[in-house]
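The following questions and answers examine one protein chain, its secondary structure, its surface and its side-chain contacts. Please consult the sequence and the structure while reading.

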Amino acid sequence: MTESDKRGGLTSKIHLAVDGRRLPMSVILTPGQAGDNPQLLPPLDQVAAGWDGPGRPRQRPDRVLADKAYSHPSIRVAMRARGIAFTSPEKSDQIARRRAKGARGGRPPAFAQDQ
């Protein structure tokens, strides 16, 4: 079997939204070749937290933590529009692109190192 025979094939990805205790709240299964970035918002739209008091259950988290695969300016804009704090490390190409713009590149996203 050659190296090219080992690559490819049918795979899948699991996109999981969990709460602060790491308990699953929403799951989406996508094909392996699908990009991660577009799959961040659909699990968030399915989240409905339990509620003991009167009124509707919460459907918007206070903060979303994600890995680099979900780091994209469009996701940051979408999270800001929803009023959700978003923490995700930037990809190296995004950092380089922002720095190349100089003062027009804006400031880097806030990221607290001590948390």
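A salt bridge is defined here as a side-chain nitrogen of Lys or Arg within 4 Å of a carboxyl oxygen of Asp or Glu. The model is predicted, so that local features need pLDDT of at least 70 and side-chain atom pairs count only at pLDDT 80 or more, while totals for chains, interfaces and linings use all residues. Residues are numbered from 1 along each chain as its sequence is written, and side-chain values use heavy atoms, with hydrogens and water left out.

Q: Which pattern does the protein chain follow along the sequence?
A: Helices (H or I, at least four residues) and strands (E, at least two) are DSSP runs, numbered from the N terminus. The protein chain holds four helices and four strands. Read along the sequence, their pattern is α-β-β-α-β-α-β-α.

Q: What percentage of the residues of the protein chain count as buried?
A: Buried means under 20% relative accessible area, exposed means over 50%, and partly exposed lies in between (1.4 Å probe, protein chains only). Of the 115 residues of the protein chain, the buried share is 25%.

Q: How many salt bridges does a search of the whole structure find?
A: One of them pairs Asp19 with Arg21, whose closest N and O atoms are 3.2 Å apart; Arg21 is exposed, at 64% relative accessibility. Another joins the side chains of Lys13 and Asp36 at 3.1 Å, N to O. The search of the whole structure finds a total of three.

Q: Where does Asp36, the salt-bridge partner of Lys13, lie?
A: The salt bridge between the side chains of Lys13 and Asp36 links distant parts of the chain, 23 residues apart. Lys13 is partly exposed, with a relative accessible area of 25%. Lys13 belongs to strand β1, whereas Asp36 is in the loop between β2 and α2 (41–46).

Q: Which helices hold Asp45 and Arg82?
A: Asp45 and Arg82 form a salt bridge in which the closest N and O atoms are 2.8 Å apart. The pair ties together parts that are 37 residues apart in sequence, because Asp45 lies in helix α2 and Arg82 in helix α3 (residues 73–82). Arg82 counts as partly exposed, at 28% relative accessibility. The two helices are therefore α2 for Asp45 and α3 for Arg82.

Q: Why do the buried residues of α3 lie on the same side of the helix?
A: The buried residues of α3 are Ile75, Arg76, Ala78 and Met79. An α-helix has 3.6 residues a turn, so residues three or four places apart point the same way.

Q: Which exposed residues are carried by the face of α3 turned away from its buried side?
A: The buried residues of α3 are covered by elements including α2, β3 (63–65) and β4 (85–87), where contact means heavy atoms within 4.5 Å. The face turned away from the buried side carries the exposed residues Val77, Arg80 and Ala81.

Q: Which residue joins its side chain to that of His15 in a polar contact of 2.7 Å?
A: His15 is placed in strand β1 and is buried, with a relative accessible area of 2%. Not counting residues up to four places away in sequence, His15 touches residues including Val27, Asp36 and Pro43. A polar contact is a pair of N or O atoms within 3.5 Å; within protein, one must be able to donate a hydrogen and the other to accept it, and residues adjacent in sequence count only if both atoms are side-chain atoms. The partner at 2.7 Å is Tyr70.

Q: What separates the C-alpha atoms of Thr87 and Leu65?
A: Thr87 has its place in strand β4 and is buried, with a relative accessible area of 14%. Thr87 and Leu65 are 22 residues apart along the chain, and their C-alpha atoms are separated by 4.9 Å.

Q: What is the phi of Arg22?
A: Arg22 lies in the loop between β1 and β2 and is exposed, with a relative accessible area of 71%. Although Arg22 is not a glycine, its phi is positive, at about 70°.
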